[in-house]
Amino acid sequence: MFVEQRHELILREVRERGSVRLADLVERLGVSMVTLRRDVEHLAGQGLVNRVHGGVTLPPETAQESRPVIERSLTIGMLVPSATYYYGTVIKAARDQAQRLGARLVLGVSRYDDDEDRKQVGQLIAGGAEGLLLTTSRQPDESHVAWLAGLGVPAVLVERIAELGGPASFMDAAASHHAHGAFLGTRHLAELGHRRVAMVTRRSPTAPRVRHGFLSAVRDLGLETPGEFGVEQDGPSDEQVAQVVRAIGDGSVTGLLVHNDEDALLLVQHLRLAGVRIPADVSIVAYDDEVAALSDPPLTAVAPPKAAVGRSAVDLLVRRIEQGPALAAQHVALLPELRVRESTAARG
């Protein structure tokens, strides 16, 4: 890992947590304590972090500047399509940040239903929400324009990015940079010598951005791409697994990026039953890192910064509520990270 990458990761950890122990950073970065102390001293010398006994914190003035101020009681409504997989972490971080700022967060769950989106938002506003965190059931498009314009309260898109140039694109938004994450995962496979890679994915609001990052990496790194394997909404079918097995068996695929990691776990189980060895026959990178570490073998995974997204969304919304329309709109793109485990290996 390059020095600049270590510095970036140290700053990310401190910004997300407020403070972090040196021992945790040593384990997280995989470096010696001597190297870590040198990095921290460099960052402290630039005024980017503050050294404390056994750890690192944000400088007091930075922590104060990064936190919006609430001068009254405030209720925030949050719409999510699911309260479990993936979004549980986003919700918890948003709730904790709201509490730190003196606000109350109220949740509505739509179960990926457009009509339920509108119903839940109506109930949140009727219940006194003065601002909304919105993760709509799909990416906002022209059908959302009139609805979003008529909400009557400030709103921030969470893990959703509106079409460029559309009215919704002028809304504040906080989201993981999924294209960047997919690029990282695909580049990892390329660096291990895998030239024939494929993507496995189901339909989801996030899939197009993951696909964009994957295809960008294939193009920029000069990889061969045998295409994309689809997955049913309830997981890979027998025929879909058979297609992947055939591609691995005839050598047309040696590396897979699988979105999401719940499907990756199911795929791994099927591949093992078919006699496919991981990573000897195929290297696998999962996407989301919700349960990837629980696989056998533990899966290398791209981890979106879910907690940071939740906190950033609350900060954006509170600033919007307190400062009004004069504040310039912001799109905050937070970078995922790659967590390397046992499912990827150099191509023999």
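**Reading helices in a predicted model**

Tutor: Welcome! The protein chain holds 12 helices and 15 strands. Keep in mind that this is a predicted model.

Student: What radius of gyration would a compact globule of 348 residues have, and what does the protein chain have?

Tutor: A compact globule with 348 residues would come out near 20 Å, and the protein chain has 22 Å, so the two agree. Along the principal axes, the C-alpha atoms fill a box of roughly 65 × 55 × 35 Å.

Student: How many of the residues count as buried?

Tutor: A residue is called buried when its relative accessible area is under 20%. Of the 348 residues in the protein chain, 51% count as buried.

Student: Let's look at one helix. What should helix 3 span, and how far apart are its end C-alpha atoms?

Tutor: Helix 3 covers residues 33–45; at 1.5 Å a residue its 13 residues should span 18 Å, and its end C-alpha atoms are 18 Å apart, which agrees.

Student: Which residues of helix 3 are buried?

Tutor: Thr35, Leu36, Asp39, Val40 and Leu43 are. Look down the axis of helix 3 and these buried residues fall within an arc of 130°, so they line one face of the helix. The face turned away from them carries the exposed residues Val34, Arg38 and Gly45.

Student: What do the buried residues of helix 3 pack against?

Tutor: Their partners are helix 1 (3–17), helix 2 (22–29), strand 2 (50–52) and strand 3 (55–57). After helix 3 comes Gly47, with a positive phi near 80°.

Student: Now helix 6. How far does helix 6 reach from its first C-alpha to its last?

Tutor: Helix 6 (residues 114–126) has 13 residues and reaches 19 Å, close to the expected 18 Å.

Student: And which residues of helix 6 are buried?

Tutor: Asp117, Gln120, Val121 and Leu124 are buried in helix 6. Seen down the axis of helix 6, the buried residues fall within an arc of 100°, so they line one face of the helix. Asp115 and Ala126, on the other side of helix 6, are exposed.

Student: What covers the buried residues of helix 6?

Tutor: The cover includes strand 4 (74–80), strand 5 (103–109), strand 6 (131–134) and helix 7 (145–149).

Student: What can I look for at the start of helix 6, and what just after it?

Tutor: At the start of helix 6, find Asp113: one of its side-chain oxygens comes to within 3.0 Å of the backbone nitrogen of Asp115. Just after helix 6, Gly128 takes a positive phi of about 105°.

Methods. Residues are numbered from 1 along each chain as its sequence is written. This is a predicted model: local features need pLDDT of at least 70, side-chain atom pairs count only at pLDDT 80 or more; totals for chains, interfaces and linings use all residues. Side-chain values use heavy atoms; hydrogens and water are left out. Helices (H or I, at least four residues) and strands (E, at least two) are DSSP runs, numbered from the N terminus. The expected span of a helix is 1.5 Å times one less than its number of residues. Buried means under 20% relative accessible area, exposed over 50%, partly exposed in between (1.4 Å probe, protein chains only). The arc is that of the directions from the helix axis to the C-beta atoms. Contact means heavy atoms within 4.5 Å. A polar contact is a pair of N or O atoms within 3.5 Å; within protein, one must be able to donate a hydrogen and the other to accept it, and residues adjacent in sequence count only if both atoms are side-chain atoms. The radius of gyration is taken over C-alpha atoms; the globule rule is 2.2 Å times the number of residues to the power 0.38.
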